[in-house]
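Please keep the sequence and the coordinates at hand while reading.

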Amino acid sequence: MAALQKQSVLGKDVGFERIRRITGYLVGTMDKWNDAKKAEERDRVKHM
Amino acid sequence: MIQSIVKRDGRVVLYDESKIARAILKALEAANEGDASEAARVANKASKQLGLMFKDESPTIEQIQDVVERSLMETGHDEAAKKYILYRANRTRIREARTSLMKAIDEIVNVDARESNMKRDNANIDGNGSMGAMLQMGASAAKAYNNMYLLTPEQSEAYSQGDIHIHDFDFYALTETCCQIDLIKLFHGGFSTGHGFLREPQSIASYAALAAIAIQANQNDQHGGQGIPNFDYALAEGVAKSFARTYTRKLREALEDYFDTDDESELTEKAIAEAGKPGLGDVKETFDGIVADELVKSGRIDREHAYHLVSRSRQRAEKQVDRDTYQAMEGFIHNLNTMHSRAGAQTPFSSINYGTDTSPEGRMVMWNTMKALDAGLGHGETAIFPIHIFKVKEGVNYNPGDPNYDLFKYSMEVSARRLFPNYVFEDAPFNLQYYKPGHPETEVATMGCRTRVMGNVYDPTQEIAYGRGNLSFTSINLPRLAILAKGDEKAFYESLDKMMDLVARQLMDRYHIQAAKHVYNYPFLMGQGVWLDSDKLGPNDEVGEVLKHGSLSIGFIGLAETLVALYGHHHGEGKEYWDKGYAIIKHMRDFADKKAAETHMNYGILATPAEGLSGRFTRMDQKRFGKIPGVTDREYYTNSFHIPVWFPIKAYEKIQLEAPFHALCNAGHITYVELDGDTANNVEAFESVIRCMHDAGVGYGSVNHPVDRDPVCGYVGVIGDVCPRCGRRNGEPISPEKLAELRKKYPSVPKFCGCQ
């Protein structure tokens, strides 16, 4: 019984928040970004 | 002879010559070329022609109108034909606008924002909520109207074809972009937001609350962002007032304890009055000494105890005010992230500038603002608003030994974790020229997005940041001009000149619409005197004159792609290409300066902060020209003069290459550097980037790095595929037991309820 109750139940379908800067201000999740800015973020490389 | 016709909606109806005659008569009368009998004659000719062309078939409306046009011309009625053609074109425009408006509303209502690129035009609006949807519907209708009635055909064509982009086009008939709100001026004597008067605030808590209200109120009068240029100076006044009260209260309470009485306010006030107003900057021994001496004079307490009491009261007061200030800043930040008061659909775009107030009160404000920023929101989330801008100034905060150097260092620690503050460099020559020590209004402040309004061609005695902002901006599709020039540099510059001319005139046209508005159209921005010199106007006055303090900005996008199209390489790939790129933007700046001198209006060049625009132009150019390598083969154009995000380059070099463009783009500019999480959290590395920006003459800069958060276990940091704290993957569930385990080790693990 106890084993049945020990299920993984919290956080299903909950994604990670990825805060990124878009044209100067931050947006919490990228699903609100338009397609062009999403593509740009994908392409960003790091500067050492 | 034709019997029937096909209407636009597909219905087949009887042919009626008299209808054609009526339309022809209208055209003839408009051109003064004939009367009813002439109209009948032409109509008859048209009918005969139709009969010959179509025999037994049914022509469409378009086909009939073609024949009517020809008949008018063939019977010598050229003017009438012109009138007829124009009328027909206008009807078509109106019909198409109505159709596309209805289509846009349909998409707003029915399509999930995740599928609709249009609904995600502005990352800060929830396009799926009802207020957001209503806002977008209103915007669509406004755009249709504005396009029809407020743009010249040339401007309309340039806009719809994608040669230019008129930003915030939905607000064309209504207002301006943004403003830097001088809180000190606003708060003195109190203010009104339209429903009742708010007295001048008397504590740091009310200062912070009213600051949020001021931003919200001003946001309702403008379509862009709201900035506070003097956040530290303004809220310092709140700290000062709070300290004076708290010192008094703490001393009174200490005396009541000491004497075991109920009310020692009389003694307290008398004693303090001798010394003056208590302040954080007091020479403690002197001030407290005077107060203590007064207490001793009462005969109820000896010298040793009096001094001790007063000194301890001061200490407690300092700690209390510090706590109060932290609470106030925390509340302020929470407020700005949660109030959906811009058309009910988004939080105001807010920015705060600070860094140069060296008073103890100002420093207390800044410490606590940054501490609250570092702490984040309720579950440790990074606060998206306001944008924090730290004003870097040699002699004030930049070098060891400077009074606010500790704040500068702390700001970089915080920025490495929370992406803010960004940095404005007062020592960049184009900023330094305005700076007068002791006059914070001469310190360049910026809107978070990058808008900068400082020089003032209209009124050179007021080259200040306070109470000014941008009137409107329009961006030029530079890559397209380069593509069309087909490698011919001269042709490119000629087309650029033409386009800049068009944009300059369009910005002026828009200004004239804005100028005809009255103070009562801006209950807060003008009614409360927030905009520079609006306090000299009455409610019914037109605002045209004072608006001239604002900027008219010519923007651009995609310098990198422009250079590839013209010369085969972008400006990160060699000095000769960089020189070409610099020449283009310099040419634009020279044009803006010339226009400013001619018109005494604040024309400037803007490194457009493109959001929706970055895809719009590219999509259209891809359709028209196909995928040109290095130009239109991505889904976006590079922002302004930036080195392309995908181009491998060292931070130092990127900064050197971009800095000179800051000087040219006087209406606004920014440089970003992308670091990985590890480098970002290395304070020395972070500081070296900022110092490099300073030395290179950057005006406004910021460091980007990944800031991820797992809402389930509360981890904040870099997350790849797997959360380093709880081990779950994106979208994976986790057991409550595991979470409870983690909470023992990491107290910041939230009580997760699953309802994000």
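Which residue takes a positive phi just after H24(B)? That residue is B:Gly697, whose phi is about 90°. The model is a predicted one, in which local features need pLDDT of at least 70 and side-chain atom pairs count only at pLDDT 80 or more, while totals for chains, interfaces and linings use all residues. Residues are numbered from 1 along each chain as its sequence is written, and chains are lettered from A and ligands numbered from 1 in the order in which they are written.

Helices and strands are DSSP runs numbered from the N terminus, a helix being a run of H or I of at least four residues and a strand a run of E of at least two. Helix H24 of chain B covers residues 683-696, and its 14 residues should span 20 Å at 1.5 Å a residue, which agrees with the 20 Å between its end C-alpha atoms; the expected span is 1.5 Å times one less than the number of residues. Buried positions in H24(B) are B:Phe686, B:Val689, B:Ile690, B:Met693, B:His694 and B:Ala696, where a residue is buried if 20 or more other C-beta atoms lie within 10 Å of its own, exposed if 12 or fewer, and partly exposed in between, with C-beta atoms placed from the backbone.

H24(B) packs with H14(B) at an angle of about 105°, their axes being 10 Å apart. That angle makes H14(B) roughly perpendicular to H24(B). On the H14(B) side the contact is made by B:Met412, B:Glu413, B:Ser415 and B:Ala416, and on the H24(B) side by B:Val683, B:Phe686, B:Glu687 and B:Ile690. These contact residues divide into five nonpolar, one polar and two charged.

Axes are lines fitted to C-alpha atoms, for helices over the stretch in contact, and angles run from 0 to 180 degrees between N-to-C directions. Angles under 35 degrees count as roughly parallel, over 145 as roughly antiparallel, 65 to 115 as roughly perpendicular and the rest as oblique. Two residues are in contact if their C-beta atoms, placed from the backbone, lie within 7 Å. Ala, Val, Leu, Ile, Met, Phe, Trp, Tyr, Cys and Pro count as nonpolar, Asp, Glu, Lys and Arg as charged, and the others, Gly among them, as polar.

**Two further helix pairs in chain B**

Helix H4 (residues 78-110) and helix H5 (residues 130-149) of chain B pack at an angle of about 170°, with their axes 10 Å apart. H4(B) is thus roughly antiparallel to H5(B). The residues in contact include B:Ile94, B:Ala97 and B:Leu101 of H4(B) and B:Met137, B:Ala141 and B:Ala144 of H5(B), and the whole set divides into 12 nonpolar, three polar and one charged.

The axes of helix H11 (residues 284-297) and helix H12 (residues 303-338) of chain B come within 9 Å and cross at roughly 130°, and the two helices are therefore oblique to each other. Among the residues that meet are B:Lys284, B:Asp288 and B:Val291 in H11(B) and B:Arg303, B:Ala306 and B:Tyr307 in H12(B). The residues of this contact divide into seven nonpolar, one polar and four charged.

**Backbone features in loops of chain B**

| Bond | Omega |
|---|---|
| B:Phe385 to B:Pro386 | about -10° |
| B:Phe420 to B:Pro421 | about 5° |

B:Pro386 is in the loop between helix H13 (360-375) and strand S9 (387-392), whereas B:Pro421 is in the loop between helix H14 (405-418) and strand S10 (422-425). The loop between H14 and S10 also holds B:Leu419, which has a phi near 70°, a positive value in a residue other than glycine. B:Leu419 counts as buried, with 26 C-beta neighbours inside 10 Å. Another positive phi in a residue other than glycine, near 50°, belongs to B:Lys55, in the loop between helix H2 (36-54) and helix H3 (61-74). B:Lys55 is exposed, with 9 other C-beta atoms within 10 Å.

**Chain A**

Chain A has two helices and two strands, which run α-β-β-α from the N terminus on. Buried residues make up 40% of its 48 residues.
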